[in-house]
Amino acid sequence: MNHRTQVGIVGAGPAGLMLSHLLHLAGIESVVLEARSRRYVEERVRAGLLEQGTVNLLKETGVGERLTRLGLTHHGLELRFGGRGHRIDLSGLTGGSTVTIYAQHEVVKDLIAARLGAGGQIVFEADDVSVHDFDGPTPKIRYRKDGDASELSCDFIAGCDGFHGVCRPAIPSGVLTMYDRIYPFAWLGILAEARPSSDELIYAYHERGFALHSMRSPTITRLYLQCAPDENLGQWPDERIWDELELRLAADKGWKLNRGAVIQKGITEMRSFVVEPMQTGTLFLAGDAAHIVPPTGAKGLNLAIADVRVLARALTDYYRSSNRELLTKYSGICLRRVWKVQRFSWWMTSMLHRFTGENAFDQRRQLAELDYVTTSRAAAQTLAENYVGLPIE
Ligand code: FAD
Ligand code: DHB
């Protein structure tokens, strides 16, 4: 089957779905091709913290009903070290901004429902997706659905297919420059049927390694532990995970970690990665296809949404007035913000994790940094304004 659309989108993650939604609101047609099933993408457990700008966008574009009902608004967070908690007043330091806990797969569900409800096309379980002719004005996406070959012709391709997708590797060598850093640790994450042990998130620095207390609802806790990059989950029975979390999150004044049934477990690798530029010809990369941040600070999903906001605006300008200026500036506009968010995620990661080979000097320096951030208004404000989300140019 051969078919045509204006923008062909590879990947039904937050970036691809939000782009398709924004384009639809601007009267621009798109088709989304996704390798996995609808059920798989709607249940994939990943991020959970939305910046103020992401929340505003979801609400302003009509996909915020469940978010408004079920999202948990947070006005502050806790940095815990030396057995003591220190609150960062996010709202007070940013003129009223907040962050919201709402799982990524719920955002994905809401966007899929909105697209399908508006007659949008999402092809799930599209096999062997490949992108062609993006050095010219009629790029094509080939794929198989139920064994049958199809070709989608379009004006532009949006590569929203994540870090392991096909769009970035399809770009000829020599066009892209890659910048990356791999960290000598990973996160072991669990979802548990346990009441959160605190109303706010807790980022804990401990000599045994980093730990994070987060949540998904008033009855579900999300917790993470720094672990080895090649950690074997089989060696982490639930009891061991809880015991380790208890040690690293320990605080005086009788704070207690609520335990419960572990309903999901996984390891998240940690890397920083950016490609420049994020576009070539009529192919535009967005979200994890173009950059990865380590999860400390919860920026990956929010950065993906910020990219497609810029891309949707650029495509809207082009279709309304044949103006290509924003399209040509897409990469430059996104990368300025991407690098600031990379810096923040690297900084949070460096401040809170134990590194192999570090010595007592490094630990003292980390503690001094934490002490500074929790006692200087200027330093706390820097953390807060990055955490709630930098403005989009
Ligand atoms: P993705 O969500 O990766 O979406 C890409 C989509 O493209 C996927 O649906 C994929 O199936 C599809 N796809 C891939 N290849 C093809 C192909 N060849 N053809 C068609 N479709 C294809 N961020 C945080 O902020 N906090 C966290 O705690 C956190 N935890 C994470 C845990 C894991 C295991 C991972 C992988 C990421 C995590 N992230 C986290 C990062 C965050 O989830 C991502 O930044 C976010 O998903 C980026 O959205 P995206 O739409 O760019 O990419
Ligand atoms: C979550 C993940 C993060 O990486 C983070 O910094 C905060 C919260 C979460 O999954 O809830």
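Biologist: In which sense do strand 6 and strand 7 pair?
Modeller: Strand 6 and strand 7 are antiparallel, and they pair over 5 bridges. Two strands pair if DSSP finds at least two bridges between them. Strands (E, at least two residues) and helices (H or I, at least four) are DSSP runs, numbered from the N terminus.

Biologist: And what sort of model is this?
Modeller: This is a predicted model: local features need pLDDT of at least 70, side-chain atom pairs count only at pLDDT 80 or more, and totals for chains, interfaces and linings use all residues. Residues are numbered from 1 along each chain as its sequence is written, chains are lettered from A and ligands numbered from 1 in the order in which they are written, and side-chain values use heavy atoms, leaving out hydrogens and water.

Biologist: Back to the hairpin of strand 6 and strand 7: how many residues are between the strands?
Modeller: There are 2 residues between them, and Gly82 in this hairpin takes a positive phi near 60 degrees. Phe81 has Arg84, in strand 7, as its bridge partner.

Biologist: What holds paired strands together, in general?
Modeller: Strands of a sheet pair through backbone hydrogen bonds, either parallel or antiparallel.

Biologist: What's the strand order in the open sheet?
Modeller: The sheet has 8 strands in the order 7-6-15-16-17-14-18-21, with mixed pairing. Strand 7 (84–88) and strand 21 (291–292) are the edge strands, each pairing on one side only.

Biologist: Which helix packs on that sheet?
Modeller: Helix 8 (residues 238–249) does, touching several strands, including strand 14 (177–193) and strand 18 (261–276). Contact means heavy atoms within 4.5 Å. The direction of helix 8 makes about 80 degrees with that of strand 17. For such angles, axes are lines fitted to C-alpha atoms, for helices over the stretch in contact, and the angle runs from 0 to 180 degrees between N-to-C directions.

Biologist: Switching to ligand 2: which strands each supply at least two residues of its shell?
Modeller: Strand 16 (211–217) and strand 17 (220–227). Strand 16 gives the most, with 3 residues. Strand 16 and strand 17 also pair with each other, antiparallel over 6 bridges, and Leu212 has Tyr224 of strand 17 as its bridge partner. Both Leu212 and Tyr224 are among the residues surrounding ligand 2. A residue is near a molecule if one of its heavy atoms lies within 4 Å of it.

Biologist: What does an oxygen atom of ligand 2 lie 2.6 Å from?
Modeller: One such distance is to an N or O atom in the side chain of Ser214, and another is to a polar backbone atom of Pro295. The protein buries 97% of the 300 Å² that ligand 2 exposes when taken alone. Accessible areas come from the Shrake-Rupley method with a 1.4 Å probe.

Biologist: And ligand 1: which residues come nearest?
Modeller: Of the 30 residues around ligand 1, the nearest are Glu34, Arg44, Arg46, Gln104 and Asp288. A polar side-chain atom of Gln104 lies 2.7 Å from an oxygen atom of ligand 1. An N or O atom in the side chain of Tyr224 is 3.1 Å from an oxygen atom of ligand 1. Taken alone, ligand 1 exposes 1,000 Å², and the protein buries 84% of that.

Biologist: Which helix gives the most to the shell around ligand 1?
Modeller: Helix 9, with 3 residues. Helix 1 (14–25) and helix 9 (300–321) each supply at least two residues of that shell.

How values were computed
Polar contact = N/O pair within 3.5 Å; in protein donor to acceptor, adjacent residues only side chain to side chain.
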